[in-house]
Amino acid sequence: MTLAARNSPAAGADTLDDQLTAEREHLATSRDALRRMRERAEALYATGDKVAGDAYTAEQLGRHMARRVAELADDPTTPLFFGRLTFADARYHIGRRHVTDDLGEPLVLDWRAPVSRSFYRASARDPQGVSVRRRFGFSAGALTSFEDEHLDRGEELGTASRILTAEIERPRVGPMRDIVATIQPEQDELVRADLADSICVQGAPGTGKTAVGLHRAAYLLYLHRERLRRSGVLIVGPNRAFLSYIAAVLPALGEVEVEQATVEDLIARAPVRAVDDPAVAALKHDVRMAEVLRRAIERGIGAPTEPIMVSDGSFRWRIGLEPLHRVVEETRREGLPYATGRERVRARVVSLLQRQAEARRAESPSDAWLRRMGRCRPVTEFLDAVWPALTPEGLVHTLLADPAALAAAADGVLTEAEQALLTWAKPPRTPKAAKWAAADAVLVDEAAGLLERPASFGHVVVDEAQDLSPMQCRAIARRSEHGSITLLGDLAQGTAPWAARDWRASLAHLGKPDAAVVPLSVGFRVPAAVVAFANRLLPALSVDVPPAESLRRDGTLDVRAVADLAAAAVAEVRAALAHDGSVGVIAADDAVAGLRAALADAGIDTATADDVEAAARVTVVPATMVKGLEYDHVVVVEPAAIVAAEPRGLNRLYVVLTRAVSRLAVLHTAPLPEALR
Ligand SMILES: Nc1ncnc2c1ncn2[C@@H]1O[C@H](COP(=O)(O)OP(=O)(O)OP(=O)(O)O)[C@@H](O)[C@H]1O
């Protein structure tokens, strides 16, 4: 046993070894049972098209079974169960998914099942009927130890658990892993919050926000499987490197159908082919642009100026100005999305024609007649005059290309100087010819949302949410209108020019103004010495957040003035490679290529941050890409250059300094930023 079981055996005279043997047998039995479950699912998958009556059912069944097979995958390196609860009359092993024997009796309970909740929440003060909680220690998939807490005797280890400590201090390699075995009570409360509840988690670096968000997604999918499968669950992350880092967590928990995207991916409609001046980009992300777009659309709705005259071949029909005015006004008042409004006007005009036809012929006209009237030239011309068809790109193109159109929509909302900033110097002739900048996407998406509502996800998890602009928040709000959100972030790590300074404003833009803001303050990543160093920056960041405290007493910090940054970085990486785990070299973006070359010259292979499966243990990461990531050993090169590279450089440095799991080395030639000294 590597980690000795702390307490005397619970069951009679069994020795610890006997108990360990019994647990290993239970693990082997469970793995066999899971294999049989998977084989049954595979057999069904193979014969699915024969039992299904038609192609559609076969397709549905096929997809369901493929998903089932994927869900039942067994990873030999992750334990099938990690805990056990003993109640007065029953005993359950808790693991990543349900495993049942051939008779349907449970061998392992899913961590999300109601009974499993006590594994995370029971305490000596509130044992919830649990007499003994057992945690298992594993090494490379083999069960090596266990640790008991006799809650009925007032024993409780909390964060002193050696198995928990070993899990937290385990060297990191490759992609992020799930934390089901060691979710802490304050995290569990967030993970198991109701589907209807939107929550905002403000947490210092490494407090498990990302972990909480992913586990909440898995929990909600377990509890509301059918509903969420229909509406979908979406995870929004800051960049592709981050998304590939977290991509494996949900599949490892059996959840293979969650969409993961950056906010840019989510709203991209056209390729980005131009770069905005920062002031222009900031203005496009300003929430006032939503009002400008709303007005621009509303101004497009005109008043009828002529009656409609239609002939159907047999009769001529006429709709006078007054009823047409009524139709337009009534529809405008309904506040529908613009494109729906246009169709509503069309339908109302057709129904006026229908009424006339009924009065004249004393019978209802056919559907074909109604369709023909709806599409006939006079009706379409009327629509084009009072409620013209619009495209999102067309609308934004008009505003950016035509100062008069912009002035009409922006008067009283944007200053003249701001309007001038927005106007293209060389307007493209058509929307198709436009070279869109990144920030135009938020305008086009806002316009698209005014024309037609996008489908709403059932639940959206937004990570690193402090960096969302008001307009990006609105883009997410449109996609979670009928669902709930989990907003995760840290105001101190805000690096975007529009980063949030308080959560209430973001929540209002997200359409969830009343969501609770819950703090997480216990850090699982960054060692105490490193946290203390990074916390020196907090007063200079002008945000009001509780400082982090660390669960980790291990770890080292080494801040050093050097003569040659590249040579010192190479030496530092060499030394780091003598330890287990990953090494991250973080520098200002423009220094990355040079450092990669220096490491290559020294014969050290390096990977890029978005290649989490890379064989190389060393990753060289630009400071702007490192948000949300972590490495055992972090080498930060020239903090002053990281700070100087962008307006929120100190916040960036705070992010950079809080990536280390075990050891942080800070190498500098220039003086350290004032706040750190
Ligand atoms: N209860 C836990 N048990 C074990 N490890 C945990 C636990 N909670 C978090 N961790 C680990 O701590 C590290 C940091 O977690 P995570 O990335 O979720 O933090 P974060 O708050 O999102 O950080 P950041 O602010 O830097 O984005 C991860 O390696 C995660 O697996």
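Predicted model: local features only at pLDDT ≥ 70, side-chain atom pairs only at ≥ 80, totals over all residues.

Visitor: Which residues does the "binding site" annotation cover?
Guide: According to the unreviewed UniProt entry, the annotation covers Gly203, Ala204, Pro205, Gly206, Thr207, Gly208, Lys209 and Thr210.

Visitor: Where is Ala204 found, and why does Ala204 count as buried?
Guide: Ala204 is in the loop between strand 7 (199-203) and helix 6 (209-223). The label needs 20 or more other C-beta atoms within 10 Å. Ala204 has 27 such neighbours, so Ala204 is buried.

Visitor: What is Ala204 in contact with, leaving aside its neighbours within four places in sequence?
Guide: Its contacts are Asp490, Ser521, Gly523, Val545, Pro547 and Ala548.

Visitor: What makes Pro205 buried?
Guide: The cut-off is again 20, and Pro205 has 25 other C-beta atoms within 10 Å, so the label applies. Pro205 also sits in the loop between strand 7 and helix 6. Beyond four places in sequence, its contacts include Asp490, Gln493, Arg525 and Thr658.

Visitor: Why are helix 14 and helix 15 called oblique to each other?
Guide: The axes of helix 14 (residues 338-361) and helix 15 (residues 367-375) come within 9 Å and cross at roughly 125°. Roughly perpendicular ends at 115 degrees and roughly antiparallel starts over 145; the pair is therefore oblique. The crossing is right-handed.

Visitor: Which residues make that contact?
Guide: Helix 14 contributes Arg346, Val350, Leu353 and Gln354, and helix 15 contributes Leu370, Met373 and Gly374. By class, the contact has 4 nonpolar, 2 polar and 1 charged residues.

Notes
Residues numbered from 1 in each chain as written. UniProt positions renumbered as here; feature names shortened; annotations may be inferred. Helix = DSSP H or I, 4+ residues; strand = E, 2+ residues; numbered from the N terminus. Buried ≥ 20, exposed ≤ 12 C-beta atoms within 10 Å, placed from the backbone. Contact = placed C-beta atoms within 7 Å. Axes fitted to C-alpha atoms, helices over the stretch in contact; angles between N-to-C directions. Parallel < 35°, antiparallel > 145°, perpendicular 65-115°, else oblique. Left-handed = near helix turned anticlockwise from the far one by under 90°. Nonpolar A, V, L, I, M, F, W, Y, C, P; charged D, E, K, R; others polar.
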